[in-house]
Amino acid sequence: MRDAISAARRHIPAVALVTAKFSPQGDFVSRSAGMPDIPRVILPHPVAGTGEKAMKMVADDIAGEVLWALGAAG
C-alpha cells in the first residue's frame with residue numbers, strides 16, 4: 001500500500017495489491033495517508049509461500065483487474 005501511495009504521489013500510475021486478510025489495514029493506511037481512493041486489487045490470502053503454480057494462477061486471475069485499475073489511475 002505504501003509503495004503505491006509513494007508512486008501515486010510522484011504522478012506514477014499505481015495499483016496497490018493487498019491480500020483479503022490485510023484489506024482493512026490497507027484501507028486504514030490509505031486513509032491515513034490522505035489517499036483513500038488509491039486503486040487497489042484484493043488478492044486471496046495467503047499468496048506468499050503458495051508456490052509458483054499458485055502465484056501464476058493468482059496473477060492470471062487478477063491481470064485484467066490490475067490493467068483496468070491502472071487505466072482508472074492514469
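Mentor: Gladly! Let's start with a term we will need: pLDDT is the predictor's confidence in each residue, from 0 to 100. This is a predicted model, and the mean pLDDT of its chain is 93, with 96% of the residues at 70 or more.

Trainee: Where in the chain is confidence lowest, and where is it highest?

Mentor: Helix 3 (residues 52-73) has the lowest confidence, at a mean of 91, while helix 2 has the highest, at 97.

Trainee: What makes R31 buried or exposed?

Mentor: The cut-off for exposed is over 50% relative accessible area. R31 has 51%, so this residue counts as exposed. R31 sits in helix 2, and its C-alpha atom is 16 Å from that of A7, a residue 24 positions away along the chain.

Trainee: Which residues of helix 1 are called buried?

Mentor: In helix 1 (residues 2-9), they are A4, I5 and A7. Being called buried takes a relative accessible area under 20%.

Trainee: How do you know that the buried residues of helix 1 line one face?

Mentor: Look down the helix axis: the buried residues fall within an arc of 165 degrees, so they line one face of helix 1. As background, an α-helix has 3.6 residues a turn, so residues three or four places apart point the same way.

Trainee: What do the buried residues of helix 1 pack against?

Mentor: Their partners are strand 1 (16-19) and helix 2 (23-32). On the face turned away from the buried side, helix 1 carries the exposed residues R2 and D3.

Trainee: And what follows helix 1?

Mentor: H11 does, with a positive phi near 65 degrees.

Key. Residues numbered from 1 in each chain as written. Predicted model: local features only at pLDDT ≥ 70, side-chain atom pairs only at ≥ 80, totals over all residues. Heavy atoms only, no water. Buried < 20%, exposed > 50% of the residue type's maximum accessible area, 1.4 Å probe, protein only. Helix = DSSP H or I, 4+ residues; strand = E, 2+ residues; numbered from the N terminus. Arc of directions from axis to C-beta. Contact = heavy atoms within 4.5 Å.
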